[in-house]
Amino acid sequence: QIDILVDLTGHTAGNRLDVLALKPAPVQVSWIGYPNTCGLPTVDYRITDPIADPEDTKQLFVEELVRLPETFLCYTPPQDC
């Protein structure tokens, strides 16, 4: 049984939005792969931040936004760059 399904691709190549549309988990979340709505009402939440989605955004979305306090991206460049 899947309790929470986290999608990491959104509308990028090789996505499985067809699976998300079937709602195989009671809670479905979109994160990191595509910083915008997937447009599927079967996706409950999208993890974002105040930069990608400010509180006063006019962007339409179907998911409930969960804003991390700083950024939803987790990248640190190597020291020797």
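Q: How many bridges join strand 2 to strand 3?
A: Two, and the strands run parallel; strand 3 covers residues 45-48. Strands count as paired if DSSP finds at least two bridges between them.

Q: What am I looking at, and how are residues numbered?
A: This is a predicted model, where local features need pLDDT of at least 70 and side-chain atom pairs count only at pLDDT 80 or more, while totals for chains, interfaces and linings use all residues. Residues are numbered from 1 along each chain as its sequence is written, and side-chain values use heavy atoms, with hydrogens and water left out.

Q: What does Ser-30 touch?
A: Leaving out residues up to four places away in sequence, Ser-30 touches Asp-7, Val-43, Tyr-45, Arg-46 and Ile-47. Contact here means heavy atoms within 4.5 Å.

Q: Which residues make up the largest nonpolar core?
A: Val-43 is in there, along with Leu-17, Leu-20, Cys-38 and Leu-40. A nonpolar core is a set of buried Ala, Val, Leu, Ile, Met, Phe, Trp, Tyr and Cys residues joined through side-chain atoms within 4.5 Å. In soluble globular proteins, nonpolar side chains tend to be buried together.

Q: How much of the protein is buried?
A: Buried residues are 25% of the 81.

Q: Switching to charges: how many salt bridges turn up in the whole structure?
A: Five, a salt bridge being a side-chain nitrogen of Lys or Arg within 4 Å of a carboxyl oxygen of Asp or Glu. One of them is Lys-23 with Asp-44, where the closest N and O atoms are 2.6 Å apart. Lys-23 sits in the loop between helix 1 (17-21) and strand 2, and Asp-44 in the loop between strand 2 and strand 3, so this pair ties together parts that are 21 residues apart in sequence.

Q: How far apart are the closest N and O atoms of Glu-63 and Arg-46?
A: They're 3.8 Å apart, in another salt bridge. Glu-63 is in the loop between strand 3 and strand 4 (64-67) while Arg-46 is in strand 3, so the pair ties together parts that are 17 residues apart in sequence. Glu-63 is buried, at 2% relative accessible area, and Arg-46 is buried too, at 1%. Salt bridges with shared partners join Arg-46, Asp-53 and Glu-63 into one network.

Q: Last one: what box do the C-alpha atoms fill?
A: Roughly 45 × 30 × 25 Å, taken along the principal axes.

Methods: Buried means under 20% relative accessible area, exposed over 50%, partly exposed in between (1.4 Å probe, protein chains only). Helices (H or I, at least four residues) and strands (E, at least two) are DSSP runs, numbered from the N terminus.
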